[in-house]
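Subject: Structure handover

Hello,

Here is the structure I promised to pass on.

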Amino acid sequence: MPGCESVDLHVHCVFSDGRLAPEALARRAAGNNVVALAITDHDTLGGAREKSAACAENGIECVAGVELSCEYNGREAHLLSLFADPESSWAGRLEEMRLARERRMYEMLERLGSLGVKMTLGDMPLQGGVYGRPHLARALVAKGAVKSVKEAFARYLRDDGPVHVAKKRFAFAEGVDLAKRMGGVAVVAHPGVSGLLDDLGDMVGIGVDGVEAYNPGHGAETVARLLRFARDRNLLVSGGSDFHAPGEGADVGSQRIPPDVIAPLRELAAARRK
Ligand code: AMP
Ligand code: FE
Ligand code: FE
Ligand code: ZN
């Protein structure tokens, strides 16, 4: 049913804190009528080959991308680099993030140990990609230390919890610069969820190319506000489900994002590489 076709330009897989491998993710996306998919793992372009093969096998367009953890005025700000080139030499800077996340995981394991819960990195197998708090939360469930991921966050891992260690983040301007130098289009992810709606004007001044208008955390009013903002400021529009796992949060393809958002994003990325 071509009328139901949509795109999803923000999802996660096992290369960060998503639960599905690229193949299962792409199959699920295709089953939900997604025709183009950006697997934008947190702070890594790892698995680029697996991701593009998985999309190709399922007959959907693969958009390479990453969700960069940035800091804006002391707050967490997520920035997508869509159509980034995983082979670009600038993509090598993401290795800093991978290492910092690994170091952070050791620190969190140490804190957990001092609370009497003994765990190691071996309890959290990673097939490439980067660690995030959800890996530790799931390992705590598997070990029987807590009953659910929710409880793991409530007891230990929430931002002000006893085990949480702040992660390395790019200064926002640095993130925008990197997003573009990797050949990508810099898009502010879920501004309505991050509490950044009133900061978008300043972010445009810093050089962002677009905003993620469609996101499950945005009500209809926020989507409309962001579409208007993009039109008035001549910005690009993107959207995604931020899917992480079946049964958790929004499903891949659930946001019914019009496929025509993709051409202007692709064109800007292509122009940037010339
Ligand atoms: P990290 O990037 O390692 O700081 O982990 C952040 C991720 O943890 C988010 O993307 C969410 O997927 C997840 N997360 C954060 N807070 C909670 C929470 N209270 N309950 C469940 N998951 C959470
Ligand atoms: Fe996540
Ligand atoms: Fe995010
Ligand atoms: Zn995300």
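The notes below cover the ligand and its surroundings.

First, a caution: this is a predicted model.

Start with the location. Ligand 1 sits in the largest pocket. The residues around ligand 1 are D17, H42, R101, R104, G132, R133, P134, F153, K167 and H244. Sorted by class, this shell holds 5 charged, 3 polar and 2 nonpolar residues.

Next, where does the shell come from? Domain 1 (6-88 + 170-273) and domain 2 (95-157) each give at least three residues to the shell around ligand 1. Two helices also contribute: helix 3 (94-114) and helix 4 (133-143) each supply at least two shell residues.

- R104: a side-chain N or O atom is 2.8 Å from an oxygen atom of ligand 1.
- R101: a side-chain N or O atom is 3.2 Å from an oxygen atom of ligand 1.
- R133: here a backbone N or O atom lies 2.8 Å from an oxygen atom of ligand 1.

How much of ligand 1 does the protein cover? On its own, ligand 1 has 500 Å² of accessible area, and the protein covers 66% of that.

That is the handover. Send questions back whenever you like.

Best wishes

Terms used:
Residues numbered from 1 in each chain as written. Chains lettered and ligands numbered in written order. Predicted model: local features only at pLDDT ≥ 70, side-chain atom pairs only at ≥ 80, totals over all residues. Heavy atoms only, no water. Near = heavy atom within 4 Å. Polar contact = N/O pair within 3.5 Å; in protein donor to acceptor, adjacent residues only side chain to side chain. Areas by Shrake-Rupley, 256 points an atom, 1.4 Å probe, with all protein chains shown as cover. 1 Å grid on protein atoms, 1.4 Å probe; cavity = no way out; pocket = protein on both sides within 12 Å on 5 of 7 lines; lining within 4 Å. Sits in = over half its atoms within 2 Å of the grid points. Helix = DSSP H or I, 4+ residues; strand = E, 2+ residues; numbered from the N terminus. Nonpolar A, V, L, I, M, F, W, Y, C, P; charged D, E, K, R; others polar. Domains from an automatic or database assignment.
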